[in-house]
Amino acid sequence: MTMLQRFARRSAAMSLACAGLLSLGAPAHAAPKIDQKAPAFVGIDTKGKEVRLSDLRGKTVVLEWTNHDCPFVAKHYRTGNMQALQKKYGGTDVVWLSVISSAPGTQGHVSPAKADELTSSRDAKPTAVLLDPKGTIGRMYKARTTPHMYVIDPEGVLRYMGAIDNKPTTRDADVKRAKNYVKAAMTKLTAGAPVDPSVTRAYGCSVKYGPSS
């Protein structure tokens, strides 16, 4: 083996070791899977209250990734579609959590006061709005777009994840013509039937994550 070959082998070994150290320093979350336990999270809402998924056992939990400046999100709020879902399913047996994972300085990032103002001005009815500026919960759930929807059953098992409906447009008129996947999932879940489809392709604006730490 030549000196050049020995140097190349040492360099490759050092690169692999460094890669291993980096992966140890920033572990990747496993992707959430249907019919398995939903990733356990702890979030802070706009009132500064801690919200733990583990404390919501016995209730159906709906997670809605949102960004008020995203035109796809705006369509569902402008038409009242998202609010109608929140009002229909919100209550003692369902916890609806809107999650904002936009990093500071990016589209959709808001203060707690601004988030509450948006909830009020749009007549939205989530149980709470979670502020996730570091993207911890978003990355845990592999949330890619706004909106991106998840439904977790009372046992903490993920039953649906994906798009809000089958019309990936910003046209208001498409809301009435769409098949609403969240509504279908909630209907099946309430009836004790399998959710089908349980996974769909989410559409919308990309979640505006900051650099991963």
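**Entry 1**

I started with Arg159, which is partly exposed at a relative accessible area of 24%. My cut-offs: buried is under 20% relative accessible area, exposed is over 50%, and partly exposed lies in between, with a 1.4 Å probe and protein chains only. Before going on, I noted that this is a predicted model, where local features need pLDDT of at least 70 and side-chain atom pairs count only at pLDDT 80 or more, while totals for chains, interfaces and linings use all residues. Residues are numbered from 1 along each chain as its sequence is written, and side-chain values use heavy atoms, with hydrogens and water left out.

Which residue forms a salt bridge with Arg159 at 2.6 Å? I found Asp35 there, 2.6 Å being the distance between the closest N and O atoms. I call it a salt bridge when a side-chain nitrogen of Lys or Arg is within 4 Å of a carboxyl oxygen of Asp or Glu. Asp35 sits in the loop between helix 1 and strand 1 and Arg159 in strand 8 (residues 158-162), so this pair ties together parts 124 residues apart in sequence. For these elements I used DSSP runs numbered from the N terminus: helices are H or I with at least four residues, strands are E with at least two. Asp35 is exposed, with a relative accessible area of 52%.

Arg159 also meets the side chain of Asp153 in a salt bridge, 2.9 Å from N to O. Asp153 counts as buried, at 7% relative accessibility. Through shared partners, salt bridges join Asp35, Asp153 and Arg159 into one network.

**Entry 2: a salt bridge within a helix**

I counted 11 salt bridges in the structure. One of them joins the side chains of Lys114 and Glu117, at 3.3 Å from N to O. Both residues lie in helix 4 (residues 112-121), three residues apart, or about one turn of the helix. Lys114 is partly exposed, with a relative accessible area of 30%, and Glu117 is partly exposed too, at 45%.

**Entry 3: aromatic rings**

How many aromatic pairs does the structure hold? I get six. Rings of Phe, Tyr and Trp (its six-membered ring) pair if their centres lie within 6.5 Å; planes under 30 degrees apart are stacked, over 60 edge-to-face, and the rest tilted.

The rings of Phe41 and Tyr141 have centres 6.0 Å apart and planes at 70°, so I logged the pair as edge-to-face. This pair links distant parts of the chain, 100 residues apart: Phe41 is in the loop between helix 1 (3-25) and strand 1 (42-45), and Tyr141 is in helix 5 (residues 136-141). Phe41 and Tyr141 are both buried.

Trp65 and Tyr150 form another edge-to-face pair, 5.4 Å centre to centre with 70° between the planes. Here Trp65 in strand 3 is linked with Tyr150 in strand 7 (residues 148-152), 85 residues away. I found both Trp65 and Tyr150 buried. Ring pairs link Phe41, Trp65, Tyr141 and Tyr150 into a cluster.

**Entry 4: helix 2**

Next I went to helix 2 (residues 71-78), where Phe72, Val73, Lys75, His76 and Tyr77 are buried. What do the buried residues of helix 2 pack against? My list reads strand 3 (60-65), helix 3 (81-89), strand 4 (94-100), strand 6 (145-146), helix 6 (174-177) and strand 9 (205-206). For contact I required heavy atoms within 4.5 Å.

The charged end of Arg122 sits over the ring of Tyr77, 3.9 Å from its centre. To count, NZ of Lys or CZ of Arg must be within 6 Å of the ring centre and within 35 degrees of the ring normal. Just after helix 2, I noted Gly80 with a positive phi of about 80°.

**Entry 5: Arg139**

I placed Arg139 in helix 5, and Arg139 is partly exposed, with a relative accessible area of 23%. Neighbours within four places in sequence aside, Arg139 is in contact with His29, Lys134, Tyr209, Gly210, Pro211 and Ser212. The C-alpha atoms of Arg139 and Tyr209 are separated by 8.6 Å, while the two residues are 70 apart along the chain.
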